Amino acid sequence: MNYKKYDIFCDVIDNYGDAGFSLRLARTLSEKDIEVRLFCNNLETLYTITDRQDLSNQLLKISTWPVCESYQPSDIVIEAFSCRLPDILNKKLRENRSLVIELEYLTAEKFAEDCHGLSSSADGLNSYFFFPGFSNKTGGLIFEQKLLNKKRSLEEHIHQQTKINVSLFSYKNHNITKIINNLLKAKAGVKITVFKGLALDNVNNILNLNLKPGDQHISGNLELKAVAMCNQNEYDEILLSSDLNCVRGEESVVRAMLCGKPFLWHIYPQSEQAHITKLNSLFDRMSEYLPEYQHDIEIIRTFNLEYNGVETKQHLPPLLEFLPKWKQVCDKWSLHLIKLGSLTDNLIKFINFITSKNS
């Protein structure tokens, strides 16, 4: 049985990451002729990254979390990042016998493969865990054909660039100065596009500046360009046009990996260094699937650990000299991720399998 109406619930905790993932999922589901209602409890953040096509999409309806009395659930309900719904909404889901997908956070840790697809007894619902991931034992990652088309079309333009282009979207992180200084050792021109919010605040504090979106600052070989937050299509183009992407959270690191570009992942800090375990697990998986690049992956791991404040005591090569090899590794990793199939397609297949089995 193929259901054509899905509900997605998004509880915004990490701002653009939670909202961005949920929006991208809703959009790609609608491209499969599925009617999607995206319920988000922070519409201000969500509308910052939507575009005109999202707002005019007849199969995509965006609204705040529903008033309990008026909510009539669809047969398929997706809880993004396993967000917890109020008891009154769960009661409605039970009454409707909705299939609930607990769509989990992205992790490369092995437990994701073990738990992917398992049933859950949470709140007495007919629910299943679904994990994004980096192997065919998980649900893969969200991507669209238009991203792959953009990637091919921008390659020639990128080869004509004379400066090193860096995008910067991060939390507060003083370690960006290490990256800037490493890049400037090569005496090449470096242009850093810094996004409004924590990333821009961070750069302003470190360099004693007061840049606002639209401002530029040039000091020697370094050019800083402050920009406002943009929609997801525009962000993809910035990632594809950059030689190095400093990203944060889940949504932006996934896009950076799919673009096949060198990336530094400022991972969301967690207690007991759980985020560092998560970061290391990513490069463990990368080494597992790209064993011929193991030495280079260890260098990439070290750059990322240092960027997240881990003192590795390792000697790192000049970043500019290493970028071509880093790009080669990321190209191969991107191809691996794409071969897993889109999370959207994998999710639809999983839902159809579960519903046909239970019918």
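Predicted model: local features only at pLDDT ≥ 70, side-chain atom pairs only at ≥ 80, totals over all residues.
Me: Why is the pair of F9 and W65 called edge-to-face?
Reply: Rings of Phe, Tyr and Trp (its six-membered ring) pair if their centres lie within 6.5 Å; planes under 30 degrees apart are stacked, over 60 edge-to-face, and the rest tilted. By this rule there are 19 aromatic pairs. For F9 and W65 the centres are 5.4 Å apart and the planes stand at 85 degrees, an edge-to-face pair.

Me: What makes this pair a tie between separate parts of the chain?
Reply: F9 lies in strand β1 (residues 5–10), while W65 lies in the loop between β3 (60–63) and β4 (76–80), so the pair ties together parts that are 56 residues apart in sequence. Strands (E, at least two residues) and helices (H or I, at least four) are DSSP runs, numbered from the N terminus. F9 and W65 are both buried. F9 and W65 also belong to one aromatic cluster with F39 and Y71.

Me: Why is the pair of F263 and F283 called stacked?
Reply: The ring centres of F263 and F283 are 6.4 Å apart and the planes are at 10 degrees, so the pair is stacked. F263 sits in strand β13 (residues 263–266) and F283 in helix α11 (residues 274–289), so parts 20 residues apart in sequence are tied together.

Me: How do you know that F263 and F283 are buried?
Reply: Buried means under 20% relative accessible area, exposed over 50%, and partly exposed in between, with a 1.4 Å probe and protein chains only. F263 has 0% relative accessibility and counts as buried. F283 is also at 0%, and is buried.

Me: What makes one space a pocket and another a cavity?
Reply: On a 1 Å grid over the protein atoms alone, a cavity is a set of points where a 1.4 Å probe fits but cannot get out, and a pocket is an open set with protein on both sides within 12 Å along at least five of seven lines; lining residues have an atom within 4 Å of a point. Grid points are joined across faces, edges and corners, and a volume is the space filled by probe spheres set on the points.

Me: What lines the largest pocket?
Reply: The largest pocket holds about 380 Å³ of space. It is lined by 20 residues, of which Y105, E250, Y268, Q270 and K278 are the closest to its centre. Helix α11 gives the most to this lining, with three residues. The lining has nine nonpolar, five polar and six charged residues. Here Ala, Val, Leu, Ile, Met, Phe, Trp, Tyr, Cys and Pro count as nonpolar, Asp, Glu, Lys and Arg as charged, and the others, Gly among them, as polar.

Me: How many cavities are there of 30 Å³ or more, and what lines the largest?
Reply: The search finds four of them in the whole structure. The largest cavity has a volume of about 180 Å³. Among its 16 lining residues, Y16, F169, M229, Y235 and E251 are the closest to the centre. Helix α1 gives the most to this lining, with four residues. By class, the lining of the largest cavity has seven nonpolar, five polar and four charged residues.

Me: What makes β10 and β13 edge strands?
Reply: Two strands pair if DSSP finds at least two bridges between them. Six strands form an open sheet with mixed pairing, in the order β10-β11-β9-β8-β12-β13. β10 (216–219) and β13 each have a single partner strand, so one side of each is left without a neighbour in the sheet.

Me: How do you know that β10 and β11 pair?
Reply: Four bridges join β10 to strand β11 (residues 222–227), in the antiparallel sense. In this pairing H217 stands opposite L224 in β11.

Me: Which strands are at the edges of the sheet of seven strands?
Reply: That open sheet runs β3-β2-β1-β4-β5-β7-β6, with mixed pairing. Its edge strands are β3 and β6 (119–120), each of which pairs on one side only. β3 runs parallel to strand β2 (residues 35–40), and four bridges join them. R37 stands opposite K61 in β3.

Technical notes. Residues numbered from 1 in each chain as written. Heavy atoms only, no water.
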